[in-house]
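Biologist: I would like a guided walk through this structure. Please show it to me first, and then I will ask my questions.

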Amino acid sequence: MRQWQRAWLTGDLTAGLVVAVMLVPQSLAYAMLAGLPPQVGLFASLLPLLAYAVFGSSGSLSVGPAAITSLMVAQSLAPLATPGSLTYQAMAWCLALGSGLLMLLMGVLRLGFLSQLLSRPVVQGFTVASAILIFAGQVAPLMGWPSLGYTVPEMLWSAWKQVSTPSDVQAGDALMGLGALLALGVGPRMVSALGRLSHWPVAGVQIASRLWPLVVLVLATLVASWMGAQTDLHPALVGSVGRGDAVAGATWSTLASLGRDDLRGLVMPVLLIGLVSFVSSVSVAQAFALKRGERIDADRELLGLGLANVGGAVLGGMPVAGGLSRSVVNEAAGARSPLAGIVTAVLLGLLLLTMMPVLAYLPKAALAAVIIMAVAGLIEWQALRSAWRYDRAEAWSFLSTAVGVLLIGFEAGIMLGMAWSMGAMIWRHSQPHMAAVGRVPGTEHFRNMARHQVECLPGVLMVRVDESLDFTNIQRVEQRLCELIHGQTSSRLVVLLLSAVNHIDHTAMQSLLELDQALKDQGKTLYLAEIKGPVMDRLQAGDLARRFEGRCFMSAQQAWTALSCV
């Protein structure tokens with residue numbers, strides 16, 4: 001509040017109103033995607049908005065139900081309980097509370113750096129695969145079918161059984177869903193064309209396009225009422241909805257019936273939902289922070305998102321995260337501070353008081369169409385092509401994550417992606433680049449002999465190591481150094497340039513001492529140059545600094561000058 005400026009009031013109020021209207025169809029759709037009653041998404045949006053506005057560090061991030069976390073809830077709970085049942089809702093409540101408490105604990109312990117635990121290809125692969133599953137899974141409510149499952153094998157088998165019995169296709173749902181899809185696809189293009197003709201500002205066109213799903217839901221509700229009254233086609237509707245306190249009360253009363261085995265099965269989903277929510281939210285917040293010259297505090301984000309999920313558990317019982325589309329609209333509508341989130345929460349609460357009876361008449365097929373259009377933009381393969389051109393190992397991280405999510409589930413996908421990323425990182429670290437170097441004539445610059453025309457001192461071999469030294473790579477360093485020495489048998493003096501070495505662990509230090517003794521036995525002398533201050537501080541605590549006293553140089557040029565006289 002100390003940083004808030006009165007000039008921001010109009011933008012914050014406008015953004016709060018726009019996002020509140022946009023949040024209605026999104027929350028309903030994402031709750032249905034999670035296997036929960038649609039109104040749960042609305043209830044789960046109120047307190048998270050307030051909690052993040054107070055404790056979060058981003059002025060643009062809009063928190064609420066998200067497509068990816070909704071899919072993770074459904075995948076986690078479908079094997080444990082019947083979607084929509086009180087037991088299912090109680091378990092979803094546990095996921096929201098558990099992930100919130102986990103992020104709070106991480107924030108208190110200042111573990112914000114763990115946002116880097118998932119590499120960008122892993123996050124991108126997970127997002128693309130999840131979007132594909134969401135897209136394919138919404139074919140069921142679109143056609144009036146029962147759930148197809150949550151992995152590709154399950155979906156293919158279920159779809160085959162449904163297609164083999166065409167009578168199971170509900171014509172009312174199919175017409176409603178396909179019509180809603182057409183309207184959602186054509187509408188934003190019409191808005192853009194109208195905006196160009198009328199010379200609307202870009203932000204206005206963007207906001208109008210984002211609010212179009214609410215217009216489609218209103219029209220779908222009217223059409224569904226007409227179809228039910230005038231035709232034999234009866235699209236499936238959301239049905240009666242309960243108040244927030246009634247939903248929360250029923251959920252809380254069911255918690256006591258959960259057994260230890262039920263809670264044990266939620267441990268891994270809580271960890272992964274918390275991690276994915278945190279990483280995805282920080283990524284969105286960081287993108288807007290860079291655009292606006294702000295700073296994102298990862299530890300404070302943990303506190304804000306943690307309390308947001310705890311708030312989501314109090315009324316609704318559904319995990320929440322920062323949403324990219326909502327945040328884009330929030331920023332485009334003029335949000336400059338977290339006050340926009342508070343305005344959104346207040347207006348959403350007022351909408352709930354007036355709209356609850358109307359929600360019962362929403363057609364499920366139209367909500368499925370909203371979900372499909374929302375995730376269609378997440379299926380983007382440019383990241384994979386870019387990674388494949390730049391680094392095949394990173395591309396395989398993307399692919400392993402995506403394949404794991406598609407074929408097995410999100411837990412296996414994330415674990416596969418993390419394992420591949422960690423394995424690739426360890427492999428690269430264990431294969432450090434090393435180069436014999438010489439001096440560029442007429443300068444004090446030293447470069448790779450294989451790449452540049454350089455001059456060398458007779459009897460002196462200078463080798464640069466381009467990696468920190470530890471137990472994973474010291475044997476490779478010794479092996480490569482011996483190869484270079486044997487390639488220049490006339491060299492009696494060997495200089496290791498350590499300008500790129502940021503750390504030398506105990507194993508590497510002992511190996512350097514052994515290498516020094518081995519070269520001494522061969523009549524050769526080992527020197528060290530360009531050791532960084534923190535590395536030298538650590539080496540002085542061991543035997544290496546004492547052993548190499550008088551054989552350490554501040555720079556490669558100093559070593560060149562000193563050894564040219566030997």
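Biologist: Does Glu 530 count as buried, partly exposed or exposed?
Modeller: Buried means under 20% relative accessible area, exposed over 50%, and partly exposed in between (1.4 Å probe, protein chains only). Glu 530 has 23% relative accessibility, so Glu 530 counts as partly exposed.

Biologist: What kind of model is this?
Modeller: Residues are numbered from 1 along each chain as its sequence is written, and side-chain values use heavy atoms, with hydrogens and water left out. Local features need pLDDT of at least 70, side-chain atom pairs count only at pLDDT 80 or more, and totals for chains, interfaces and linings use all residues; the model is predicted.

Biologist: Where does Glu 530 lie, and what is its phi?
Modeller: Helices (H or I, at least four residues) and strands (E, at least two) are DSSP runs, numbered from the N terminus. Glu 530 sits in the loop between β7 (525-529) and α22 (533-539). Glu 530 is not a glycine, yet its phi is positive, near 60 degrees.

Biologist: Arg 110 has a positive phi too. Is Arg 110 buried or exposed?
Modeller: Arg 110 lies in the loop between α4 (86-108) and α5. Its phi is about 55 degrees, although Arg 110 is not a glycine. The relative accessibility of Arg 110 is 56%, so Arg 110 counts as exposed.

Biologist: How many helices and strands does the protein chain have?
Modeller: The C-alpha atoms of the chain fill a box of roughly 100 × 60 × 50 Å along the principal axes. Of its 566 residues, 51% count as buried. The secondary structure comes to 24 helices and eight strands.

Biologist: What share of the contacts in the protein chain joins residues 24 or more positions apart?
Modeller: A contact means heavy atoms within 4.5 Å. The count takes contacts with a separation of 6 or more. Residues 24 or more positions apart account for 80%.

Biologist: How far apart are the end C-alpha atoms of α7?
Modeller: Helix α7 has 12 residues, 152-163. The expected span is 1.5 Å times one less than the number of residues. That gives 16 Å, and the end C-alpha atoms agree, because they are also 16 Å apart.

Biologist: Which element do the buried residues of α7 pack against?
Modeller: Met 155, Ser 158 and Gln 162 are buried in α7. They cover an arc of only 75 degrees around the axis (taken from the directions from the helix axis to the C-beta atoms), so they sit on the same side of α7. The face turned away from that buried side carries the exposed Leu 156, Trp 157, Trp 160 and Val 163. The buried residues pack against α5 (120-137).

Biologist: Is Ser 58 buried or exposed?
Modeller: Ser 58 lies in the loop between α2 (38-55) and β1 (62-64). Not counting residues up to four places away in sequence, Ser 58 touches Tyr 52, Ala 285, Ile 296, Glu 301 and Pro 338. Its relative accessible area is 4%, so Ser 58 is buried.

Biologist: How many residues of α14 are buried?
Modeller: Helix α14 (residues 324-332) is mostly covered. Its buried residues include Arg 326, Asn 330 and Glu 331. Just after α14, Gly 334 takes a positive phi of about 110 degrees. Of the nine residues in α14, the number buried is seven.

Biologist: Which helix gives the most to the lining of the largest pocket?
Modeller: On a 1 Å grid over the protein atoms alone, a pocket is an open set with protein on both sides within 12 Å along at least five of seven lines, a cavity is a set of points where a 1.4 Å probe fits but cannot get out, and lining residues have an atom within 4 Å of a point. With eight lining residues, the helix that gives the most is α12 (residues 267-292).

Biologist: What is the volume of the largest cavity?
Modeller: A search of the whole structure finds one cavity of 30 Å³ or more. The largest cavity is lined by 16 residues, and Leu 61, Ser 62, Asn 330, Ala 340 and Gly 341 lie nearest its centre. α2, β1 and α15 (339-359) each supply at least two residues of that lining. The volume is about 110 Å³.

Notes. Grid points are joined across faces, edges and corners, and a volume is the space filled by probe spheres set on the points.
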